[in-house]
Every structure is written in structure tokens, then in C-alpha cells.
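Thanks for making the time today. I would like to walk you through a cavity and some ring contacts, so please keep the picture in view as I talk.

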Amino acid sequence: MHPSSLFSLSEHLERLSRDGDPLEVLSEAVDFERFRTLLVKGLGYSDGAKGGRPRFDPVSMFKVLVVQAQHNLSDARMEFMIRDRLSWMRFLGFDLGGTMPDENTIRHYRNRLTESGTLEALMQAFEQQLRERGYLAMGGQIVDATLVPAPKQRNTEAEKAAVKAGKSAKQIWPGKPNKAYQKDVDARWTVKIGGKIRYRPDGTPLPQIATPVFGYKSHISIDRRYGFIRKGNATSAAHSDGRQLRHVVDTSNTAGDVWADSAYRSQKNEAWLTRNMLKSRIHRRKPRGKPMPERTARANAAKSAIRAKVEHVFAHQKSRYGLFIRTIGLARAQAKLTLANLAYNFDRLVFHERRAATG
């Protein structure tokens with residue numbers, strides 16, 4: 001490259017920094033190097049003594065997955081964007097004109113981390129970073145779930161019955177490996193009831209909008225004080241919210257209060273919370289065939305004001321990240337959602353650090 005071109009490139013990058021490159025801000029807020037040991041272990045990297053094609057730096061590739069999650073890009077589109085964006089190239093540690101990962105490399109890297117369970121370990125490692133910087137899980141926690149769509153499956157009635165019966169794709173489509181590879185037998189259909197409840201003049205409720213959704217469900221808990229995602233899990237879209245309560249509650253929170261909507265209220269959940277010395281702030285349901293008691297309605301309204309914080313998390317992930325499951329199978333959906341949760345926590349840390357800096 002001509003010296004004048006190098007100078008122009010350096011000047012261009014300096015201008016990006018002056019304009020507030022968000023990825024540069026992210027690099028300053030998150031210590032990505034602390035993930036290296038976990039990444040190397042999860043990938044099964046050797047010291048390279050036997051030779052062979054050099055692998056890409058594991059921390060750089062982890063950053064690739066984070067940026068990919070923030071923009072909901074396919075592997076092919078991510079490959080293009082790495083080459084196209086100078087700010088991305090700088091953040092990822094790749095050189096202009098040098099070797100960069102292609103879509104197969106990105107996919108292989110993510111699959112290795114998924115199969116080794118490393119992504120969940122990375123989530124816990126970042127939790128340690130948060131604790132060291134004073135962002136303890138405090139004030140109780142808020143639990144909720146949201147539907148995450150996936151590409152719709154076009155199956156016959158017999159194939160649908162086989163999927164519901166729990167058969168694998170290979171069992172349903174024997175002799176058709178290419179077709180079986182493209183079929184997601186873990187995702188499910190469900191109906192999302194949305195919109196504010198409105199009433200007729202006589203006080204009876206109007207019908208609500210029902211929208212069919214195919215895909216998965218993201219279950220999370222956030223701490224009330226700082227709003228970080230402390231735990232998460234993925235299930236099919238048809239899975240019951242209430243059954244996931246004990247899997248996403250963070251028992252390390254310094255306060256015992258647990259907020260959730262009425263879908264989480266059951267005798268089993270209430271008993272489990274009591275056994276674990278946690279205080280239920282779960283919404284109460286309206287008595288069947290009777291009006292909601294005024295005292296209960298007021299209590300639910302107060303709980304809703306607190307629970308609204310978790311809706312901001314889902315809004316951030318869906319509006320900014322365009323959250324959508326492109327992969328096949330529950331394990332990969334879990335990986336996708338874990339990366340989205342990590343990316344959100346990184347953004348949340350940047351928010352808190354900026355606010356602390358400006359007073």
C-alpha cells in the first residue's frame with residue numbers, strides 16, 4: 001500500500017474515533033482479553049506446534065459473534081460486512097488486505113462454542129467482571145419471556161404429527177438427508193395474545209388480537225438495580241413460562257423479591273420460592289367469573305410498574321438487534337439467545353459507565 005494511502009487510512013480511523021465509534025467505546029468498557037482462556041479451552045485449540053493452517057485469534061472471532069448478534073446478520077452477510085466496515089475491522093483486529101474469516105469459519109467457530117458449552121461459561125465470566133466493578137445483582141429480580149420467531153416450516157399433517165411425537169428429522173425424512181438437515185423439529189407454533197385489554201360499555205372485555213408465531217421463547221431474569229440479564233434459557237415457543245421460573249431465577253441476588261406476570265403463579269412455584277427464601281411478587285390472577293378485587297388490582301398495577309423494566313430489555317434486543325432465530329434446533333437457538341443476552345449486557349455496561357462518567 002502506498003505511504004499516502006496508509007496516512008489516509010490512519011486519518012480516516014482517527015476521524016471515526018473523534019466521531020465516537022461505538023465499537024471503540026465497547027472495547028474500552030469490556031475486557032475481552034479475560035475471555036481468552038475460556039475460548040481457547042472451548043475451541044480445543046492447540047499451541048500450533050504441529051503446523052497446519054493458522055487459526056484466527058479466538059478473541060477476535062468471539063467479537064465477530066458479538067457484532068453479528070448486535071446486527072442479526074447471517075454468516076454470509078457477516079463475512080461481507082467485516083470486509084466492508086473499517087470500524088468493524090479495527091474492533092475485530094483484522095488488517096485491511098489481510099486474511100479474514102469466511103462464513104464457514106464463522107459458523108464452525110460458533111458451533112464449536114455451542115457444542116462445548118462455552119457460551120454459557122462466557123456469560124458467567126462476564127458476570128464476574130460486573131461483580132468486580134460493583135454491579136452486583138441487587139434489589140430483587142424480574143422474570144419474563146418473549147417469543148422469538150424462526151423460519152416457518154412447511155410440513156404435511158403426517159410430518160407435523162411425527163414432529164409432535166418427538167421424532168428426529170432423520171426419522172421423519174429417512175433417505176433425504178438434505179431435507180432433514182433443513183428441518184427444525186424443536187421449534188413450535190403458539191398463539192401470541194397481544195394488545196391492551198379494552199372493554200365494551202357494559203364492562204365486558206373486547207376480543208384481543210391473536211397472532212400465530214413459530215419459533216422459540218427466550219426466558220430471562222434481570223436484576224432490578226442495574227438491569228443486567230443475570231440468567232437466561234431457551235425453549236420452544238409453546239413451552240410454559242411458569243415451568244422456567246426456577247431455571248432463570250438468580251439466587252445470588254442480594255434481595256429476595258421476585259417479580260413476574262401471572263403466567264408464573266402456581267402452587268409449585270410459590271412453594272419453590274418459599275423454600276429458597278425468596279419473596280413472591282408475582283401477579284395474581286383475576287378470579288374466574290368475578291371482578292378483580294380493587295386491592296389486588298392496585299397491587300398488580302404497582303408490580304407492573306416494576307416489571308416494565310424487563311420489557312425494555314426485549315425491546316432493545318428486538319428493535320436494535322432484530323432478534324430472529326436463523327439456525328436449526330434448540331441448542332443453536334440457545335446459543336443465538338445467549339449471544340444476544342451477552343451483547344445486551346455489554347451495551348448495558350456501556351450505558352452505566354457513560355452515566356457514571358457524566359455524573
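**Cavity lining and aromatic pairs**

Let me begin with the largest cavity, where the largest share of the lining, four residues, comes from E4. Please bear in mind throughout that this is a predicted model. The elements that give two or more residues to that lining are H8, E4 and helix H15, which spans 330-358. Among the lining residues you will find Glu120, Arg230, Lys231 and Asn341, and by class the lining has one nonpolar, six polar and three charged residues. About 60 Å³ of space lies in this largest cavity, and the structure holds one cavity of 30 Å³ or more.

Now to the rings, where the structure holds eleven aromatic pairs. Phe35 and Phe62 form one of them, an edge-to-face pair at 5.3 Å centre to centre, with 70 degrees between the planes. Phe35 lies in the loop between helix H2 and helix H3, whereas Phe62 lies in helix H4, so the pair ties together parts that are 27 residues apart in sequence. Both Phe35 and Phe62 are buried.

Tyr135 and Tyr226 also form an edge-to-face pair, at 5.1 Å centre to centre and with 85 degrees between the planes. Because Tyr135 sits in the loop between helix H8 and strand E1, and Tyr226 in the loop between strand E3 and strand E4, this pair ties together parts that are 91 residues apart in sequence. Tyr135 is buried, as is Tyr226.

Finally, Phe35 and Phe62 belong to one aromatic cluster that also takes in Phe32, Phe91, Phe126 and Phe346, and Lys63 lies over the face of Phe91, at 4.9 Å from the ring centre.

Key
Residues are numbered from 1 along each chain as its sequence is written. This is a predicted model: local features need pLDDT of at least 70, side-chain atom pairs count only at pLDDT 80 or more; totals for chains, interfaces and linings use all residues. Side-chain values use heavy atoms; hydrogens and water are left out. Rings of Phe, Tyr and Trp (its six-membered ring) pair if their centres lie within 6.5 Å; planes under 30 degrees apart count as stacked, over 60 as edge-to-face and the rest as tilted. Buried means under 20% relative accessible area, exposed over 50%, partly exposed in between (1.4 Å probe, protein chains only). A charge sits over a ring if NZ of Lys or CZ of Arg is within 6 Å of the ring centre and within 35 degrees of the ring normal. On a 1 Å grid over the protein atoms alone, a cavity is a set of points where a 1.4 Å probe fits but cannot get out, and a pocket is an open set with protein on both sides within 12 Å along at least five of seven lines; lining residues have an atom within 4 Å of a point. Grid points are joined across faces, edges and corners, and a volume is the space filled by probe spheres set on the points. Ala, Val, Leu, Ile, Met, Phe, Trp, Tyr, Cys and Pro count as nonpolar, Asp, Glu, Lys and Arg as charged, and the others, Gly among them, as polar.
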